[in-house]
Amino acid sequence: MRPHLSDFYIESFRELRSVDLSGLEQINLIVGGNNSGKTSVLEAIAIALSPVDVVDWSATARSREVRSAFPASDGLSALDAIKWMFPHDKGRGLERPDRIALHMRGSWIVDKLVAHCTVIRGITPEVLRNDTVRRSRRSREDAFDLEETGLHLEITANLNNSLADDPEPSLFDPEEKILYRDVFLWPSSGLTQRQRSAPRLRKVLLAPYSHRNQPLLLKSISRLTQLGFKDRLVDLLKSIDNDLRDLDIITSEPFYRPTLLVERKGAGFVPISVLGDGFRRALSIALAMVEARSGVLLIDEIETAFHVSVLDQVFPWMVEIARELDVQIVATTHSLEAIQAMSSDRTGVGALSLAAFHLSSDGPGLHSSKRYSLDMLGRLVRDRGLDIR
């Protein structure tokens, strides 16, 4: 089966230039030292799979900042988060973002994404004023009496085949096989311009700390329950925890607010908050796998919260789920133990279904990547001291 992404080339995104990930397999591991751009690679892939959805772009850009249900007060705004995904040429000044350019091959219909960002000053247009005033219940004078700094985005996505259904006449040129988006974003109007019918490949970006965000877990379990996937989720967790019986969300006393409970053999229902980080991380990965079915799962720091003694059990479990649900995984790690566990014979995967990439920073704006088999990468790290930390 052809992978969703078989090759991915970052011409320019954030601080990355000329990063080549050719020969992607179903399971892919990205390693490199601190600040080598590993998380940025995951973000670049994420926006390539939602090429004209700027709401999704903002959520992707802010995913590394949100550590709880309450974003940090010093976090980037939605618009700033989008702006800083664009490379910034220091010679042109911080208010002159450069372009994003991504190239890809695989079964995904997009093979090139180019986006330009321009910082603008002005007053929010009337059509957006009315919508925002209605939602915020503020007076027009209070909400829109000053000029604002906004963004103008021009996005073009080249397709390698025609869309089965035209997403929107304003988005798709069937003769040129091009998706395009020309949008103005203003702080006071918010990101209200999601293109519901724009093409996207199902994907999940899993941050290192997402397993500690209980509201996020509750939301995901509720969504999968509505879709009829809860039993499948429980089965996946049972394959790694024999004592697991069920998951449930309780809103009655003594909890008084929605609480995620886990039923375990001999213990009954207990709040997930009293269980270890390892179980919560496994739950978040299982949830993400089901949500990313027939799509792509992007995991930042795949080894997070797992003790080294269970890695050779956890990673084969991930591989089997990915195979079963047709999920392509791209994950980052700093851990030699993670590399050794994923390359273990217990995974039962052949060399052609697993690849590793070493990403290195060669100076400001200069990056390089090299592809290895996971076994070769493990030997280089262990025997030759290849830097992955």
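Good morning. I begin with a side-chain pair: His152 makes a polar contact with Asp182, side chain to side chain, at 2.4 Å. A polar contact here is a pair of N or O atoms within 3.5 Å; within protein, one must be able to donate a hydrogen and the other to accept it, and residues adjacent in sequence count only if both atoms are side-chain atoms.

Two remarks on the source. This is a predicted model, in which local features need pLDDT of at least 70 and side-chain atom pairs count only at pLDDT 80 or more, while totals for chains, interfaces and linings use all residues. Residues are numbered from 1 along each chain as its sequence is written, and side-chain values use heavy atoms, with hydrogens and water left out.

His152 belongs to strand β6, residues 148-159; strands (E, at least two residues) and helices (H or I, at least four) are DSSP runs numbered from the N terminus. Is His152 buried or exposed? With a relative accessible area of 14%, His152 is buried, where buried means under 20%, exposed over 50% and partly exposed in between, for a 1.4 Å probe and protein chains only.

I turn to the strand pairing, which requires at least two DSSP bridges between two strands. Strands β1 (residues 7-13) and β4 (residues 100-105) run antiparallel, joined by five bridges, and Asp7 has Arg105 in β4 as its bridge partner. Four bridges join β4 to the antiparallel strand β5, residues 110-122, with Ile100 opposite Ala115. The β4-β5 hairpin has four residues between its strands, and Gly106 in that turn has a positive phi of about 145°.
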